[in-house]
Amino acid sequence: MLMSVEGDLMKALADPLRMRIVALLARETLCTTHLVAETGARQTNLSNHLRILREAGVVGTEPCGRYTYYRLRPEALEGLAGALGELAAAARATAAADRKRACT
């Protein structure tokens, strides 16, 4: 079953721009300037989305001079993938056993 941590992570990933950021960071570590150029989002809007992803544990930061680089934390996504996989397995078992609750 999805725990509150996975639920918070799903909320963080529910926004299309945040998912785009995650997809970009899956390929390389980027700074805010790169992310602005790649997404077309305003810097302030992007910073807010990055804060949400940081708080959810999806991305980590790496200071480099006057820039901050963002890196995807794969372990956060692996935990969510595992929880979703367990739900899918339970749904398969339910369908295979044709389990359904009788209506009263």
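Biologist: Is E62 buried, partly exposed or exposed?

Modeller: Keep in mind that this is a predicted model. Buried would need under 20% relative accessible area and exposed over 50%. E62 has a relative accessible area of 35%, so it counts as partly exposed.

Biologist: Which side chain meets that of E62 in a salt bridge?

Modeller: The N to O distance in this pair is 2.3 Å, and the cut-off is 4 Å.

Biologist: How many salt bridges does the count come to?

Modeller: Another is E75 with R73, at 2.9 Å from N to O, where E75 is partly exposed at 42% relative accessibility and R73 is partly exposed at 32%. E55 also bridges to R51, with their closest N and O atoms 3.3 Å apart. The count comes to 3.

Biologist: How are E55 and R51 placed in helix α4, and what separates them?

Modeller: Helix α4 covers residues 43–55. E55 is exposed, with a relative accessible area of 60%, whereas R51 is partly exposed at 32%. The two are 4 residues apart in the helix, so what separates them is about one helical turn.

Biologist: Which strands stand at the edges of the sheet, and why?

Modeller: Take the strand order: the open sheet runs β1-β3-β2, with antiparallel pairing. A strand with a single partner has one side left without a neighbour in the sheet, so the edge strands are β1 (30–31) and β2 (59–64).

Biologist: What angle does helix α2 make with β3?

Modeller: Helix α2, residues 16–27, packs on the sheet and touches β1, β2 and β3. As for β3 (residues 67–72), it pairs with β2 over 6 bridges. The direction of α2 makes an angle with that of β3 of about 90°.

Biologist: Back to R73. Which residues does R73 contact, leaving aside its neighbours within four places in sequence?

Modeller: R73 is found in the loop between β3 and α5. A41 is 32 residues away along the chain, and the C-alpha atoms of the two are separated by 22 Å. The contacts of R73 beyond its sequence neighbours are G57, V58, V59 and G60.

Biologist: Last one: which residues make the nonpolar surface patch?

Modeller: One member lies in helix α5, residues 74–97. That member, L84, is partly exposed with a relative accessible area of 39%. The patch is about 230 Å², and its residues are M10, L84 and L87.

Methods
Residues numbered from 1 in each chain as written. Predicted model: local features only at pLDDT ≥ 70, side-chain atom pairs only at ≥ 80, totals over all residues. Heavy atoms only, no water. Pairing = 2+ DSSP bridges. Contact = heavy atoms within 4.5 Å. Axes fitted to C-alpha atoms, helices over the stretch in contact; angles between N-to-C directions. Patch = residues over 30% accessible without salt bridge, like charges linked within 9 Å, V, L, I, M, F, W, Y side chains within 5 Å. Areas by Shrake-Rupley, 256 points an atom, 1.4 Å probe, with all protein chains shown as cover. Buried < 20%, exposed > 50% of the residue type's maximum accessible area, 1.4 Å probe, protein only.
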